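Trainee: I would like to learn how to read individual features in a model of this kind. Could we take them one at a time?

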Amino acid sequence: MSTLIIAVLSFVGFIVAYNTYGKWLARKIFGLDPEATVPSQELKDDVDYVPTKKEIIFGHHFTSIAGTGPIVGPAIAVFWGWLPALLWVVIGSVFIGAVHDFGALVVSLRNRGQSVGEVAGRMIGPRAKFLFLFVLFMGLTIVLAIFGLVIALIFSYYPESVLSVWVEIPLAVAIGIWIYRRGGNILIPSIIALGIMYIAMAFGAYVLPINLGKWLGIPLLGQTYLNVVVIWTLVLFVYCFIASVLPVWTLLQPRDFINSHELVLALVLLVLGLAVAGFTGKADLFASAPAVAKDIPPDAPPIWPFLFITIACGAVSGFHCMVSSGTSSKQVASESDAQYVGYGAMLLEGGLAVVVIIACCAGIGMGIFDRPDDPASPGGYTFQPILKEGSTQQVINQEAWRTRYAVGEKVTNADGTTTIVGGGWASHKLREKVSAFVDGGGNFLASLGIPLKMGIAIMAVLVASFAATTLDTATRLQRYVIHELAQTANIKPLMNRYIATAFALILAAAVALLQGSGGPGSGGMTLWPLFGATNQLLAGLAFMVIVFYLVRRNKPIWFAFLPMIVMLLMPGWAMLHQMFAPETGWLAKGDYLLFGFGIVVEALQVWMIVEGAIAWRNARGNYPELPPLETITAD
């Protein structure tokens, strides 16, 4: 019962925040005007600039910012206990993350849909524009490489998820044509499409799981480029090229709207399953996992500052400013929709992160999974509850959670080196992080009478769908960034959307398919530690642009200034720790690629802060107006 109470209080807190703090920002600070001309009207081209109903753009925005971030981050962070993770998600979402997303969206709306990087050039200075765009370019390259690998690995680990994810694409295209060419309604077709997806989930789970490794007789990873991860990664990047150059109404908007229904339905099922499991005594957050963990893995980084970069998307994420100012601002039909899209979507993502935390603790605490190496094999998944000795009564304790989050033991070797035995922070790879949510969520769905195998399929498709949405949205955003950089440097070929998109994906593929110890594709995962710190530093820089926008318009800044300090300090501190920590730092371990990248990011951050300090002296009340609107030509 206490588990359900925590979930309900969190959701109520988000609703109250939206109707109080969110409204105050919309009315008193940003002064949203429903009559103002927005970029989707002023620059309408039916490709990128498309006036869109707020319900549809909410679906696109939410599914684009969600991805796997609010799933993987909390699934890692519960190493420190569920309470710190929960507090950071709730407080961070309300006062930092939602303010960041909302602010970036409004700033872009008031600047013809320009990216935050482009706006930085006018609000701070020309050099700040190039610095910000370069940070965006590096960050998006990592996002594309990592998320391409994430989806490839999900398809490999959960072959039952593949069919439903790909079936959604032609359904979305058909809905897009129905709406924008024939003036049809989107709600009913999208609900029908969701039903077809669930049929495809069942078909993939019980009849036709698409297991490339089994079909082609190739390994998940291997020393040649003929392995499952490489094949799926390349297929996904080809898809991204096509999806990101199409008009947004053909695929991006309708697919994201379907995905938003998928998430709402999955959240409802999860909360209902949580309620049933809580009432029946099968799930107990307090008994399943420690509120504040004492047995921290010996090789784990300190909770300060790493909690703030480990949980990114569930509380605040720099990537969101790229979505707000990259695609969403070009589709919002009225300024009055900005609170619903920018502030509201972030709070819903916070709600998703809360559910993930509970699933990874209370859900896993319901028992232990026995999954075969091939999930498509006869028998599928089995679940073994923890029982009281000599009875059939289930025991809720931390055994299952500790099995999943093995803390390990630090052992000193004869030569003075140390080894982690029996688990530890470094032992938990992507499969364990994602499966913690998938398995825990599957437990909750099983409490409703849904077969465990079907529940696992629903959760796996949920994760894969969000990751795919983020992937092709990030491709479109990278094209915008490359275009803006090319304009700055006068590189005309990269101003063409097809060439810019191809360049973005070729570079991302090269990074994703780096040769590592596990073969091609395994090396790209070495960039994962960079994602959290770089992503959160980007949030701090975006807050800097928002603060300058407010200062130049003589608006209060405290509500954005304090989050700016937090999001510049914590990620910078974490990055320095990752680079220079004794024994575990990148420099000490000889990870010179990561170390070099970290040096570049830290240098760009410091340079950007210096540019801000120089511009601050003459900023208040000095608002640079937009130049006259030039004729827009198709690229």
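Trainee: Where does H1 bend, and by about how many degrees?

Mentor: This is a predicted model, and the values here are computed from it. A bend is read as the angle between axes fitted on either side of a residue. In H1 the bend is about 35 degrees, at Ala-17.

Trainee: Which residues have a positive phi although they are not glycine?

Mentor: Asp-46 is one of them, with phi about 60 degrees. Asp-46 sits in the loop between helix H2 (39–42) and helix H3 (54–66). Its relative accessibility is 38%, so Asp-46 counts as partly exposed. Asn-554 also has a positive phi of about 60 degrees without being a glycine. The loop that holds Asn-554 runs between helix H21 (528–552) and helix H22 (558–580). Asn-554 is partly exposed because its relative accessible area is 48%.

Trainee: Is Gly-184 buried or exposed?

Mentor: The cut-off for buried is under 20% relative accessible area. Gly-184 has 16%, so it is buried. Gly-184 belongs to the loop between helix H8 (162–182) and helix H9 (187–206). With neighbours within four places in sequence left aside, Gly-184 contacts Trp-178 and Ile-179.

Trainee: Which peptide bond is cis?

Mentor: Omega is the angle to read. For the bond from Trp-304 to Pro-305, omega is near 10 degrees and the bond is cis. Pro-305 is part of helix H14 (residues 303–310).

Trainee: How many salt bridges does the count come to?

Mentor: The rule looks for a side-chain nitrogen of Lys or Arg within 4 Å of a carboxyl oxygen of Asp or Glu. By this rule, the count is seven. One of them pairs Arg-110 with Glu-335, at 2.8 Å from N to O. Arg-110 is in the loop between helix H5 (82–109) and helix H6 (116–123), while Glu-335 is in the loop between helix H15 (319–326) and helix H16 (338–363), so the pair ties together parts 225 residues apart in sequence. Both Arg-110 and Glu-335 are buried.

Trainee: Which residue forms a salt bridge with Arg-127?

Mentor: The partner is Glu-611, and the closest N and O atoms are 2.7 Å apart. This pair links distant parts of the chain, with Arg-127 in helix H7 (residues 126–157) and Glu-611 in helix H24 (residues 592–616), 484 residues apart. Arg-127 counts as partly exposed because its relative accessibility is 48%, whereas Glu-611, at 7%, counts as buried.

Trainee: Which residues form the nonpolar patch on the surface?

Mentor: A patch is read from nonpolar side chains that lie within reach of one another and have over 30% relative accessible area. Here the members are Phe-203, Tyr-206, Val-207, Leu-208, Trp-215 and Leu-216, with about 620 Å² of accessible area together. H9 and helix H10 (212–216) each supply at least two residues of the patch. Val-207 lies in the loop between H9 and H10. The relative accessibility of Val-207 is 54%, so Val-207 counts as exposed.

Key
Residues are numbered from 1 along each chain as its sequence is written. This is a predicted model: local features need pLDDT of at least 70, side-chain atom pairs count only at pLDDT 80 or more; totals for chains, interfaces and linings use all residues. Side-chain values use heavy atoms; hydrogens and water are left out. Helices (H or I, at least four residues) and strands (E, at least two) are DSSP runs, numbered from the N terminus. Buried means under 20% relative accessible area, exposed over 50%, partly exposed in between (1.4 Å probe, protein chains only). Contact means heavy atoms within 4.5 Å. The bend at a residue is the angle between axes fitted to the seven residues ending there and the seven starting there. Patches are made of residues with over 30% relative accessible area and no salt bridge: like charges are joined within 9 Å, nonpolar side chains (Val, Leu, Ile, Met, Phe, Trp, Tyr) within 5 Å. Accessible areas come from the Shrake-Rupley method with a 1.4 Å probe; for residues, only the protein chains shown count as cover.
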